[in-house]
Amino acid sequence: MVNTEEIRILPVVALRGLVVFPDMFIHFDVGREKSINAVQMAMKGDQKIFLAAQKDISVEDASVKDLYPIGVIADVKQILKIPGSTNVRVSVEGLTRARIVDEHPSAGKFLRATVFPISEREISADEADYAQALVRHARDEFADYAECVSHMAPDIIAGVMENGNPGKLADFVAGNIVLDYEDRQHILAQLNPIRRLEELCILLAREGNLLSIESEINDMVQESIDKNQREYYLREQLKIISSELGGGMPHEEELDMFREKIFYLKASDEVKEKLFKECDRLEKYSPSSPEAAVSRNYIEACLELPWGKYSKENCDIKKSRKILEHDHYGLEKVKERILEYLAVRTLAPDITGQIICLVGPPGVGKTSVARSIAKATGRKYARISLGGVKDEAEIRGHRKTYIGSMPGRIVNALQQAGTSNPLILLDEIDKLSSDYKGDPTSALLEVLDPEQNFSFRDHYIELPFDLSKVMFITTANVRSNIPEPLQDRMEIIELSSYTAEEKLQIAKKHLVPKQIKRHGMTSKQLKISDKAIAEVIDGYTREAGVRLLEQQVAAICRKTAMKIAENGEEKINLKPENVEEFLGTRKFKAENELRESEIGVVNGLAWTAVGGEMLEVEAAVLEGTGKIELTGSLGDVMQESARAAVSYIRSRADELEISNTFYKDKDIHIHVPEGATPKDGPSAGVTIATALVSALMGKKVRSDVAMTGEITLRGRVLPIGGLKEKSMAAYKHGIKTVYIPHDNISDLDEVDPKVKENVRFVPVRNVETIWIDVVENFRSDAQPIIRPEVAERVNGRAGAKYEI
């Protein structure tokens with residue numbers, strides 16, 4: 001109830017950490033100038049003052065807005081000046097609750113506010129019984145609380161027992177027991193006396209429970225300690241508290257466990273000494289401190305490393321060959337290299353520095369073959385994906401002083417493998433990048449250098465660890481994207497695209513059985529004929545590897561599962577004629593269906609990151625003013641090759657029997673289809689020149705041939721790269737003859753034997769040698785510009801169809 005007739009303007013004292021209740025006599029020290037002035041102003045008047053607690057006790061110069069709105073009007077009984085200090089001691093008696101209405105200006109010397117008293121609400125007849133019961137309950141709770149308090153004044157206990165008014169009882173108890181000032185303010189702000197006493201009962205129960213737990217802890221500590229050993233007392237107290245809170249292993253036991261593990265560690269004295277020092281440092285920290293957590297995590301990370309632990313390596317070449325042949329079809333170079341490594345290990349067990357890089361298009365089995373190598377050699381296997389890694393700390397770890405620091409990926413791989421001689425696969429090493437945080441490529445230089453990695457130091461671990469026994473295998477799609485310093489440290493083995501025959505064998509031996517088992521079927525329920533697999537390879541995939549092929553096999557298995565589950569079919573035989581029923585309309589036309597020979601259209605060969613491709617180069621000669629139009633997203637180098645071809649043809653116009661003025665009165669348009677795909681490089685020079693000669697002479701070019709090579713202004717054909725991939729593309733498209741630069745003869749040894757059996761390779765020095773063969777009725781008197789000794793040298797290479 002608000003008594004509006006008694007609204008008053010009173011000086012205000014802001015209390016820090018203190019709450020005064022009505023009917024409460026208390027004295028306290030006042031030190032702030034505004035508060036002293038307010039007390040003195042009250043003494044000059046009727047000695048009435050308004051006391052209110054601050055919301056934030058850290059505020060030094062508080063205003064009325066910084067105070068809780070509910071406070072107490074008090075009567076100042078006495079002021080004493082403390083000797084040797086500017087502070088004064090004030091004795092006051094609380095009179096009644098009041099609420100701040102507004103701040104009243106006081107020239108800044110002290111706080112003054114407009115307040116109105118709040119009189120206590122009377123207990124109604126309907127509430128009398130409940131109020132009496134609540135008073136009894138509050139006395140019981142207070143009695144329980146008093147039992148847990150070592151010293152409770154008798155007059156306080158007597159006051160509780162004599163006071164029967166709910167509101168006054170709540171004020172009396174709250175003002176005389178130990179409570180946080182926020183809890184006291186909560187009681188003061190409760191204007192309903194019954195509700196106020198209810199809130200007090202809740203606080204009494206909570207405080208009594210906490211005091212009881214503290215008493216039990218003290219009792220247990222007292223029973224288990226020696227009074228003369230204070231250090232032992234403190235440790236036992238922490239142990240009991242940890243046990244009560246379920247905090248896990250006590251600090252001392254944890255340290256003993258760490259020291260025991262370090263003692264039996266198969267590591268150098270340097271490592272053990274540093275870890276023992278770290279344990280001594282951890283012992284000085286409080287178990288719950290952040291520094292202890294950092295030290296504990298560091299020790300655990302070091303102990304998880306496989307110091308001196310080695311798995312037994314399998315050097316049985318026959319057994320290893322069997323495992324590799326069982327897991328993968330093809331990949332002969334990789335298998336042979338691993339078997340050579342095992343043979344050397346048999347003769348020289350201490351040899352180190354085996355770092356192999358597998359380079360090839362996606363899906364050819366680089367990652368999976370590494371797992372098979374680990375199985376064949378008896379090593380533990382761990383994989384590190386480097387795609388998109390741009391922070392050096394990913395490799396070498398973070399300094400342990402940083403929050404959230406952790407070891408690098410190399411250390412994590414060793415912890416995962418659990419041995420010091422695992423096989424670690426560094427996947428996608430060509431996709432590393434760098435930024436302002438550092439260059440991870442530089443961090444790998446130490447890891448992959450046999451002369452340095454015997455004492456590799458992770459930034460987090462900061463201890464030397466021997467990586468010389470680790471077998472590193474890296475994978476990449478594009479060799480040119482691997483930095484030269486890294487290439488120097490690795491033995492690079494290039495994997496080519498699979499032929500259709502290889503894909504068929506891989507699907508039969510691996511992909512089909514794997515997908516049938518994964519989809520919960522047996523080989524009796526689904527049978528896929530060889531011709532059906534060949535149809536899937538030719539009509540639904542266009543890739544260097546077999547990933548998309550595996551997806552198509554999985555799609556067939558899903559369709560089969562639907563037929564078995566829905567229609568109750570027990571057995572399904574997939575044949576070429578019903579492949580479309582499972583996979584839909586054929587996506588690609590047969591690659592070996594060659595087009596008809598045309599004027600100005602020539603087959604060129606290109607290299608991509610996923611294998612070789614065959615590109616058609618088109619040339620058209622139109623009436624015009626000598627413009628040269630180049631389309632098809634051609635790069636600068638490719639455009640320069642086209643201009644070089646035009647210049648060479650101009651220099652040979654008379655011999656080629658074409659107009660000497662074609663470059664002035666004709667427009668030339670050179671186009672390479674699939675315009676959305678960027679193309680660049682010099683190897684299309686001979687292809688562009690041949691297409692242009694065909695268009696200018698009006699003579700067709702054979703469609704069953706393809707060519708590659710850089711052209712000069714003198715018509716010479718210079719060597720190119722990627723011949724293995726380009727020849728594979730020609731074979732897949734049914735090309736019978738491929739013209740290559742003469743200087744690429746040595747690269748023919750790398751060409752797949754299957755390709756050599758079906759494609760005729762013609763090495764040339766001059767572009768006109770190609771024109772004589774491929775352009776219809778080129779020149780009746782033309783002769784190939786090849787020396788007899790070259791023909792003898794090329795034809796001497798067994799296993800290929802080389803013709804001059």
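The lining of the second largest pocket comprises eight nonpolar, nine polar and nine charged residues; Ala, Val, Leu, Ile, Met, Phe, Trp, Tyr, Cys and Pro count as nonpolar, Asp, Glu, Lys and Arg as charged, and the others, Gly among them, as polar. This is a predicted model, in which local features need pLDDT of at least 70 and side-chain atom pairs count only at pLDDT 80 or more, while totals for chains, interfaces and linings use all residues. Residues are numbered from 1 along each chain as its sequence is written, and side-chain values use heavy atoms, with hydrogens and water left out.

Select His 328, Gly 365, Ser 368, Leu 511 and Lys 514. The space of this pocket is about 710 Å³, and these five are the closest to its centre among its 26 lining residues. (A pocket is an open set of points on a 1 Å grid over the protein atoms alone where a 1.4 Å probe fits, with protein on both sides within 12 Å along at least five of seven lines; lining residues have an atom within 4 Å of a point.) Next, display α13 (366–377), α18 (500–518) and α20 (547–567), each of which supplies at least two lining residues.

Move to strand β3, residues 48–53. Six of its six residues are buried (under 20% relative accessible area, 1.4 Å probe, protein chains only), so β3 is largely enclosed by the rest of the structure. Lys 48, Phe 50 and Ala 52 point one way, and Ile 49, Leu 51 and Ala 53 the other.

β1 (residues 8–15) runs parallel to β3, joined by four bridges; Ala 14 has Ala 52 as its bridge partner. β4 (residues 70–81) pairs with β3 in the antiparallel sense over four bridges, with Ile 73 the partner of Phe 50.

Notes:
Buried < 20%, exposed > 50% of the residue type's maximum accessible area, 1.4 Å probe, protein only. Pairing = 2+ DSSP bridges. Points joined across faces, edges and corners; volume = space filled by probe spheres on them.
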